[in-house]
Amino acid sequence: GIAMRRAELKYKEDEWNEVHNPVHYNKTGIETIDLIRKWMEPDEYKGYLKGNIIKYMSRYKYKKEEEPLTDVLKAQWYLEKLIEELRDEENDDVSC
């Protein structure tokens with residue numbers, strides 16, 4: 001799971017928090033990504049995820065110091081969410 005990936009990628013604690021659980025995204029009691037998911041149709045949400053992957057991957061090399069890694073990790077986070085969506089769809093199709 002996520003803990004295994006964290007260990008494998010050897011995130012620094014501040015990198016992990018910045019990418020996977022930024023404090024400013026959970027001020028209302030619901031994670032912002034969950035709120036976005038609820039408001040969008042499945043195809044819209046997948047497009048949102050894809051757009052964020054593209055955004056972070058297209059700009060990481062222009063960042064200074066450790067910020068390039070943070071953007072790549074954020075892109076990875078969105079990619080993992082997209083993979084989860086696709087797997088959930090496959091499971092829904094199989095169980096129908």
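**Close-up views of a predicted helical chain**

**View 1. Asp 71 and its salt-bridge partners.** Asp 71 and Lys 63 form a salt bridge, with their closest N and O atoms 3.5 Å apart; a salt bridge here is a side-chain nitrogen of Lys or Arg within 4 Å of a carboxyl oxygen of Asp or Glu. The model is predicted, so local features need pLDDT of at least 70 and side-chain atom pairs pLDDT 80 or more, while totals for chains, interfaces and linings use all residues. Residues are numbered from 1 along each chain as its sequence is written, and side-chain values use heavy atoms, without hydrogens and water. Asp 71 also forms a salt bridge with Arg 59, where the closest N and O atoms are 3.0 Å apart. This second pair links distant parts of the chain, with Asp 71 in helix α5 and Arg 59 in helix α4, 12 residues apart. Asp 71 counts as buried because its relative accessibility is 2%; buried means under 20% relative accessible area, exposed over 50%, and partly exposed in between (1.4 Å probe, protein chains only). Lys 63 is partly exposed at 27%, and Arg 59 is partly exposed at 30%.

View 2. Helices are DSSP runs of H or I with at least four residues, numbered from the N terminus. The side chains of Lys 46 and Asp 43 meet in a salt bridge of 3.3 Å, N to O. Both residues lie in helix α4, 3 residues apart, which is about one turn of the helix. Lys 46 counts as buried at 16% relative accessibility, whereas Asp 43 is exposed at 61%.

**View 3. Helix α5 from end to end.** Helix α5 covers residues 67–95. What span should its 29 residues have at 1.5 Å a residue? The expected span is 1.5 Å times one less than the number of residues. It comes to 42 Å, which agrees with the 42 Å between the end C-alpha atoms. Buried residues of α5 include Pro 68, Leu 73, Trp 77 and Tyr 78. Glu 90 is also in helix α5, but Glu 90 is exposed, with a relative accessible area of 53%.

**View 4. Two residue pairs across the chain.** Met 57, in helix α4 (residues 42–59), is partly exposed at 36% relative accessible area. Arg 37 belongs to helix α3 (residues 32–39). Arg 37 and Leu 49 are 12 residues apart in sequence, and their C-alpha atoms are 9.9 Å apart.

Note on methods. Helix = DSSP H or I, 4+ residues; strand = E, 2+ residues; numbered from the N terminus.
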